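Thank you all for coming. I would like to walk through one structure this morning, and I will begin by putting the sequence and the model on the screen.

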Amino acid sequence: MIRIWGRPTSICTQRVLWACVEAGVEFELTLTSGTMGPDGHVSTGAVPYGGVNAPRYRARNPNGTVPTIEDGRCVLWESNAIVTYLGLRYGHGRLVDGNPETFGRAAQWMSWTNERLEPHLHVLVMELRRLREDLRTPGAVEAAIRGITPSLEILDAHLADSAYLAGNGFSMGDIPAGAAARRWQVFAQRGPATPHLDAWLARLGEREGFRRHVASPELHV
Ligand SMILES: N[C@@H](CCC(=O)N[C@@H](CS)C(=O)NCC(=O)O)C(=O)O
């Protein structure tokens with residue numbers, strides 16, 4: 001049993017929860033956040049889950065972000081690092097396949113997701129759902145859609161020739177981008193046609209971890 005601190009609406013936490021299901025790892029989730037609670041974002045007056053400023057939390061994760069995990073004596077933060085750890089420790093044949101090339105390609109798409117997709121998705125979720133209306137920035141949504149479009153096209157072109165991101169089988173590399181693509185799908189008002197990305201998301205939609213922790217639009221508020 002590992003411990004996870006995070007919140008179900010955090011895309012970084014979703015990666016870890018989904019990876020646990022893939023690897024068959026049992027976990028206990030402690031709801032934790034400095035910015036979001038059951039009723040939404042602090043800017044609207046909602047009360048956050050809290051916990052991130054507690055000295056014991058900061059000792060585990062000095063950034064005060066979520067997620068953080070504890071597995072015995074191993075404490076980790078940074079969701080891609082956690083997914084990688086879960087893959088190497090518990091997910092052989094499910095998240096990693098032992099081939100350095102597949103591993104490298106999976107890691108490549110995981111970093112790429114943080115660089116190319118997440119900043120724009122963060123703007124979309126904040127501007128369309130979370131922030132109090134008078135705090136929103138005119139034009140920010142359009143700029144985020146323009147910003148993310150070339151990367152969605154790169155993803156779509158890659159998936160034209162590859163069933164999954166690191167090859168023909170599912171791997172840890174599909175988790176961050178898959179959760180990001182689902183968030184995009186929930187918020188996409190307009191954007192490029194991405195038939196191969198859509199087909200890949202439909203394949204991911206058949207996976208238990210995705211269904212439980214990523215699929216519902218309520219997890220993207
Ligand atoms: N790169 C870090 C980002 C950590 C991060 O910024 N997490 C967000 C949620 S996705 C967070 O802590 N938000 C503030 C909060 O909920 O208190 C990771 O992947 O773990």
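Predicted model: local features only at pLDDT ≥ 70, side-chain atom pairs only at ≥ 80, totals over all residues.

Which domains does the domain assignment of the chain give? The assignment gives domain 1 (2-90) and domain 2 (100-213), and such bounds come from an automatic or database domain assignment. Residues are numbered from 1 along each chain as its sequence is written, and side-chain values use heavy atoms, with hydrogens and water left out.

Let me turn to how the domains sit together. The C-alpha centres of domain 1 and domain 2 lie 20 Å apart, and 19 residues of domain 1 are in contact with 27 residues of domain 2, where contact means heavy atoms within 4.5 Å.

The interior comes next. A nonpolar core, as I use the term, is a set of buried Ala, Val, Leu, Ile, Met, Phe, Trp, Tyr and Cys residues joined through side-chain atoms within 4.5 Å; buried means under 20% relative accessible area, exposed means over 50%, and partly exposed is in between, with a 1.4 Å probe and protein chains only. The largest such core has 48 residues, and the members that touch the most others are Leu 86, Leu 117, Leu 155, Leu 197, Trp 200 and Leu 204. Two or more residues come from each of β1 (2-6), α1 (11-23), α3 (79-90), α4 (100-130), α5 (140-160), α6 (174-187) and α7 (195-204), where helices (H or I, at least four residues) and strands (E, at least two) are DSSP runs numbered from the N terminus. At least three residues of this core are drawn from each of domain 1 (2-90) and domain 2 (100-213). If we look at Leu 155 and set aside residues up to four places away in sequence, we find that it touches Trp 109, Trp 112, Leu 117, Leu 165, Leu 197 and Trp 200.

Staying with α5, we can look at Ala 144, which lies in that helix and is buried, with a relative accessible area of 3%.

Now to the ligand. Which residues are around the ligand? They are Arg 7, Ser 10, Cys 12, Ser 33, Gly 34, Thr 35, Thr 65, Val 66, Pro 67, Glu 78 and Ser 79, a residue being counted if one of its heavy atoms lies within 4 Å. Oxygen atoms of the ligand lie 2.9 Å from an N or O atom in the side chain of Arg 7, 2.6 Å from a polar side-chain atom of Ser 33, and 3.3 Å from an N or O atom in the side chain of Thr 35. Taken alone the ligand exposes 510 Å², of which the protein buries 76%; these accessible areas come from the Shrake-Rupley method with a 1.4 Å probe, and for residues only the protein chains shown count as cover.

Several residues in this list deserve a second look. Ser 10, in the loop between β1 and α1, is buried, with a relative accessible area of 3%, and its side chain is joined to that of Thr 13 by a polar contact of 2.8 Å; a polar contact is a pair of N or O atoms within 3.5 Å, and within protein one must be able to donate a hydrogen and the other to accept it, with residues adjacent in sequence counting only if both atoms are side-chain atoms. Most residues other than glycine have a negative phi, and most peptide bonds are trans. The peptide bond from Val 66 to Pro 67, however, is cis, with omega near 5 degrees, and Pro 67 is found in the loop between α2 (55-60) and β5 (68-71). Glu 78, in the loop between β6 (74-77) and α3, has a positive phi of about 80 degrees although it is not a glycine, and it is partly exposed, with a relative accessible area of 46%.
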